Amino acid sequence: LAASARIPAPAKTALARDPEYLRTLAAVYQAENRNADAERVLAQALSLPFPGNGTSLKTDTRLQYAGILMQARRYSQAVTLYSQILADNPSDISAWMGLVSAQHEMGQDAQALAEVQKMPAATYESALADSGFLAVLGAIYQQAGQYEVAQGLLERAARMQTASGGQPSIGLQLQLAAIYLLRNNTDQAYAIYQRVISNNPDRTDAWKGLIGTLLATNRNAEAQQEIAQIPAPVRKQLEGDVEFEQSEASLYAATGDIPRAVETMNRVQAYYAKLKTQPPANIDVQNAWLLYNTGNDRALYAALMHLGGRSDLSVPQRETVENIWANWSVRRATAAMDNGNVGRAVDILDAASQAFPDNMTVRKAVAGGFARVGRARDALKLYKTIPMQDASTGDFEGAIGAALAANDRAQAESWLRLALDRYVRDPAVLSLAARYEQARGDNQRAADYWRAALAAMPPAAPVDRLAHEL
C-alpha cells in the first residue's frame with residue numbers, strides 16, 4: 001500500500017486500466033481487512049473495457065478477470081471466460097474448476113455435472129486432489145439428490161484438509177453436517193453443529209442447522225433451550241431468515257404454543273406475499289395445520305382448497321393434507337352431534353369416506369365417528385378394512401368397541417388377542433378385555449381384568465390427589 005501511494009500519476013493512470021493490477025490491489029486491501037476499498041477496486045476493474053470479449057487477454061489474466069467476475073457474482077460472464085480458456089487449453093484445471101463452480105452458483109447443476117463428465121481423465125483426477133473442487137462437487141450432487149455420493153466427496157475433502165495438518169474448514173464441516181441430516185445421520189450432524197458453535201458462536205448457519213437437527217429428532221424442549229442461548233446479534237440475523245422462522249413456527253406448534261406459532265407463520269407468509277411468489281408447499285401445509293389447531297375454519301377451508309390446486313405436493317404432503325381434511329371432518333361431525341344434529345354429522349362422515357377412500361387415517365377417523373353416532377355396523381365394516389398389525393391402543397379400542405356394539409364377538413375376540421399380545425400391561429387394553437368378558441357374560445373374568453387394569457394405571461401424582469380432595 002505504501003508502494004502504491006508512491007506510484008507517479010501517469011503510471012497510476014495506466015495501472016488503473018490493468019485488471020491484473022487492480023485485482024492484486026484488491027487482494028492487498030482484503031489482507032488488511034479494508035473490505036470497502038477492496039470492493040471499490042473490484043468494481044473499478046469490472047468497469048474496464050473488455051477488449052475482444054477477453055479473447056486477446058493472456059490466459060493468466062483471463063483467469064484473474066474470471067475470478068473478479070466470480071467475486072462480483074457475475075457468473076454468466078465468468079462462464080464465458082472459462083469456456084474461452086478451455087477452448088484454447090482443454091486441460092486447464094483452474095478453468096474447469098471455475099466453470100463448474102460458476103454453473104453451480106447459477107443453479108445449473110445438471111449442466112455442471114455434464115461439464116464434469118467432459119473433463120479429460122487426467123485433468124479430472126488432478127482436480128479431485130483439490131478439496132475446494134470436491135466441496136463444489138459435493139454441493140452439486142446434493143442439489144441433484146444424490147446424497148450418498150455427495151457425502152463421500154465431502155468426507156474425502158475433509159480427510160484431505162486434515163491430512164495437510166489442519167482441521168476441515170468451517171464451511172466444509174457445515175456442508176457435511178447438512179448431508180448427514182439429509183441422510184438421517186442426526187447424531188453426526190448434531191456433533192458437528194455443536195463443535196462449530198462452541199468455537200464460533202457467531203455462525204448463523206451453524207445455529208440454524210443445530211435447531212433444524214433438534215427439530216428433526218423431536219427434541220423440541222432442547223431446541224427451545226438452544227434458541228434461548230443464541231447470541232443477540234445472531235438472533236437478529238436469523239429473524240430475517242425465512243427458513244429459520246419456519247422452523248420456529250414448527251417448534252412452537254409442536255410444543256403447543258399456538259399463538260406464537262401463528263404469529264411466526266404470519267411473518268413467513270408475509271415474506272412470500274411481499275415477493276409476490278407462492279410459498280413452498282411445506283409452508284402451506286404447515287399453515288393449514290396451524291389453522292386447524294386454532295379452530296379458524298373459514299381460513300382453513302380456503303387454505304385446504306388452495307392446497308388441493310397445487311400440483312407440486314409430495315406424496316407425504318398430500319397424505320398430510322388428507323389427514324387434515326379427515327380430522328376436520330370428525331371435529332365438525334362431533335360438533336354437530338353435540339348440538340343434536342346427528343343427520344348432519346353422518347353426512348359429513350359419509351362425504352369424508354367417499355372423498356378419501358384409500359387413506360388409512362381417514363378410515364380410522366370416519367370409523368370412530370360412525371361409532372359415536374351409533375352406526376356400529378358401518379364403523380365395524382370400515383375397521384375390518386384397516387390393517388391392525390401396527391395399530392395403536394386407540395385403534396384397538398375403537399375397533400373392538402365397534403365389534404362389541406355390532407354384536408360381532410368373534411371379531412372382537414380376534415382383535416382383543418392381538419391387542420393383549422402387544423400391549424399386555426396397558427390399562428386401556430385390559431379394560432377392553434373386561435368389557436368383552438362382560439359382553440359374553442363372564443363377570444368373574446371381567447372383574448379380574450378390571451382389577452388388572454386398575455393395577456396397571458400409573459399412581460396418582462400428589463397434585464392430582466390434592467385436586468381430587470379439594
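Which helix is the place of M160? M160 sits in helix α11, and that helix is a handy way into this predicted model.

## Ground rules

The model is predicted, so local features need pLDDT of at least 70 and side-chain atom pairs count only at pLDDT 80 or more, while totals for chains, interfaces and linings use all residues. Residues are numbered from 1 along each chain as its sequence is written, and side-chain values use heavy atoms, with hydrogens and water left out.

Helix α11 covers residues 147-163; helices here are DSSP runs (H or I, at least four residues; strands are E, at least two), numbered from the N terminus. Q151 belongs to this helix and counts as buried, because its relative accessibility is 10%. The cut-offs are under 20% relative accessible area for buried, over 50% for exposed, and partly exposed in between, with a 1.4 Å probe and protein chains only. Setting aside residues up to four places away in sequence, Q151 touches L176, I179, Y180, R183 and N185. Contact here means heavy atoms within 4.5 Å.

M160, also placed in α11, comes out as partly exposed, at 25% relative accessibility. With residues up to four places away in sequence not counted, M160 touches L128, A129, D130, S131 and L134. M160 and N184 are 24 residues apart in sequence and 25 Å apart in space, C-alpha to C-alpha.

## The nonpolar cores

In soluble globular proteins, nonpolar side chains tend to be buried together. In this model the largest nonpolar core has 72 residues. Such a core is a set of buried Ala, Val, Leu, Ile, Met, Phe, Trp, Tyr and Cys residues joined through side-chain atoms within 4.5 Å. The residues with the most contacts inside the largest core are Y82, V100, F133, L137, W207, L210 and I230. Another core, of 44 residues, lies apart from it, with F356, M388, W415 and A453 among its members.

Two packed helices are described by the angle between their axes and the distance between the axes. Helix α14 (residues 204-216) packs on α17 at about 30°, with the axes 10 Å apart. That makes α14 roughly parallel to α17, where the classes are under 35 degrees for roughly parallel, over 145 for roughly antiparallel, 65 to 115 for roughly perpendicular and oblique for the rest. The axes are lines fitted to C-alpha atoms, for helices over the stretch in contact, and angles run from 0 to 180 degrees between N-to-C directions. The crossing of α14 with α17 is left-handed, a label used if the near helix is turned anticlockwise from the far one by less than a right angle (right-handed if clockwise). K208, I211 and L215 of α14 make the contact with E243, F244, S247 and L251 of α17.

Helix α17 (residues 242-254) also pairs with helix α19 (residues 281-294): their axes come within 11 Å and cross at roughly 30°. α17 and α19 are therefore roughly parallel to each other, and α17 passes α19 in a left-handed crossing. Q246, A249, S250 and A253 in α17 meet N282, I283, Q286 and L290 in α19.

## α25 against α26

Helix α25 (residues 393-405) and helix α26 (residues 409-422) pack at about 155°, axes 8 Å apart. That makes α25 roughly antiparallel to α26. The crossing of α25 and α26 is left-handed. From α25, F396, A399, I400, A403 and L404 meet Q411, A412, W415, L416, L418, A419 and R422 of α26.

## Positive phi in two loops

N407 sits in the loop between α25 and α26. Phi of N407 is near 65°, a positive value in a residue other than glycine, and N407 counts as exposed at 55% relative accessibility.

K276 is in the loop between α18 (258-275) and α19. Phi of K276 is near 60°, again positive in a residue other than glycine, and K276 counts as exposed at 77% relative accessibility.
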